[in-house]
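I opened the model to look up two things.

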Amino acid sequence: MAHYPEPVARLIEALQRLPGIGPKTAQRLTFFLLKRPAEEVRELSEALVAVKDRIVYCQTCFNVTDEDPCRICRDPGRDARLICVVEEPNDLLAMERTGEFRGRYHVLLGALSPLDGIGPEDLKVRELLARLDAGAGTAEVILATNPNVEGEATALYLAKLLRPLGVKVTRIARGLPVGGDLEYADQVTLSKALEGRREIS
Amino acid sequence: MQIGWIQLRDFRNYRTLSWSPSPKLNVLTGPNAQGKTNLLEALGFLLTGRSFRTSHLAEVPFWGTAAVAVTGELHRLDGTVTVRRALERLENGAWRSEGAGCSWARAVAFGWHDVEILNGVPALRRNFLDGVAARLYPSHRAALVRFRQILARRNSVLQRGGADAAAQLGPWDEQFAAVGMELVDRRRRATAALQTEISRIYPCLAGECHKIELSYRCSVGEAAEPAALFAALERHRREELRRGQTIVGPHRDDVLVELDGADARVFGSRGQQRLLALALRLAELLPITEATGTSPVLLLDDALSELDPSVRDNVLREIEAAEQVFLTTPEPLPVAAGGRWAIHAGGLAAA
């Protein structure tokens, strides 16, 4: 890339570090930005900086927020006895979009991942235990980590840690997507759905 | 089932090929290095989306092309399905396999390297058995992928060691035991299915009475519960931590093949081992037919060479059990039935 002017090469470099962006996409984005009005580009750069400057982690649930504690942790209408544990802030947003869950959250900011050297001490596990210890009268912890091997390991680890505390620990179900056809479901999902079947009352 | 027609674009040494093979036996002849095995590979790729020769998809495209396409029509009694598969080059230079398959399409492939199932390292026998299990039980492949992920992460914890390693292993052990025993269970069932068939097929092929015994050798013996594997991990904890790797589990299991009471790896002659390997592949036909409701397509690469003429006739008689067969051979065969095709430099003509 030696033939690009230095600022162009630098931006391509920087964009390439983003997840899901390869060298070609980085080039395309760079030249796209080059053609936009200066004002629009300035807005983008300010938005980037503002995210870093103004967004903090809620010191209770570790969701991203612009005020600490976050809106969910301050909301008196939400059931503090119910804690849903998720891996990332994105997962929390997904849960929120359902509008069904009226408890509170705890974001681990990752999952157990030995290949990346991420162990329990790198996750917000201690903080979760502290929350339960604080005597808020937690009745149930819902483990909503991803259904992949890392998420599963994280859930198993937490379950073992939490069970002795006398709190009810549950794991979200795995199964078929609503509106889908059995015929097109993959084998693993289908067998998990069968495993987690329920009696119709 | 049968392949009604197949069309290749830029697959190995085939630039373009459109072919309607015979619904029964197809004998492919031609000198070496003209594309006989490549064509078998393409037929397998159409059926399964995988290559039976390589796991490196980059080997498959015609040199210098950016895309490979294989299209074909599959028939069985109750219908016809058109399958389109492609290999595409990604931005990062890797190749990706595209296209959806057909749930009942299966290929059973035999090649000269299959003799290694008998005389090679245990990993080759596990691969063989996993292949059979995946054709019989479609969820096996996904479980295998999951198992490998768990194994890699568990080994990573073992290698890092440290004071709390034993505590960190907990969640990985639990998954390892659950998915591991799932694999063991399917491999045992696959072994049992092969056993029934091979005890009939091998004597038929050899033309004399022999006793064949297949047994799955599992690191937890006969146990079938995840708890047994979990307990085995705990028993070996200290040694595993010292060696930095997982030493019990389905990734260390083996299949013992006995011919008249003797270990076939050691006591079989090369001819016997080759015939046994072929018999192992043919033993898949009936179990797969029962599982999918239709007979798999048989792809036999140079299966008749090094065999006595009488054994050769026995093999030809035995493969009639399959609906559609593709058989490559360097010299023309004295068989009347089916289609005969001559292959020359990436092209094909009726012979």
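Which helices and strands each supply at least two residues of the lining of the second largest pocket? I found helix 7 (149-162), strand 6 (168-171) and helix 8 (187-195) of chain A, together with helix 4 and helix 5 of chain B. Helices (H or I, at least four residues) and strands (E, at least two) are DSSP runs, numbered from the N terminus.

I noted the ground rules. This is a predicted model, where local features need pLDDT of at least 70, side-chain atom pairs count only at pLDDT 80 or more, and totals for chains, interfaces and linings use all residues. Residues are numbered from 1 along each chain as its sequence is written, chains are lettered from A and ligands numbered from 1 in the order written, and side-chain values use heavy atoms, without hydrogens and water.

Pocket entry. I counted 22 lining residues, with A:Glu152, A:Leu156, A:Arg174, A:Lys192 and B:Gln175 nearest the centre. Helix 5 of chain B gives the most to this lining, 5 residues.

Interface entry. I see 17 residues of chain B in contact (heavy atoms within 4.5 Å) with 22 residues of chain A. The rule finds 1 salt bridge across it, counted as a side-chain nitrogen of Lys or Arg within 4 Å of a carboxyl oxygen of Asp or Glu. The partners are A:Glu150 and B:Arg153, with their closest N and O atoms 2.4 Å apart. On the chain B side, helix 4 (140-160) and helix 5 (165-206) each supply at least two residues. Helix 4 of chain B gives the most there, with 9 residues.

Methods. 1 Å grid on protein atoms, 1.4 Å probe; cavity = no way out; pocket = protein on both sides within 12 Å on 5 of 7 lines; lining within 4 Å.
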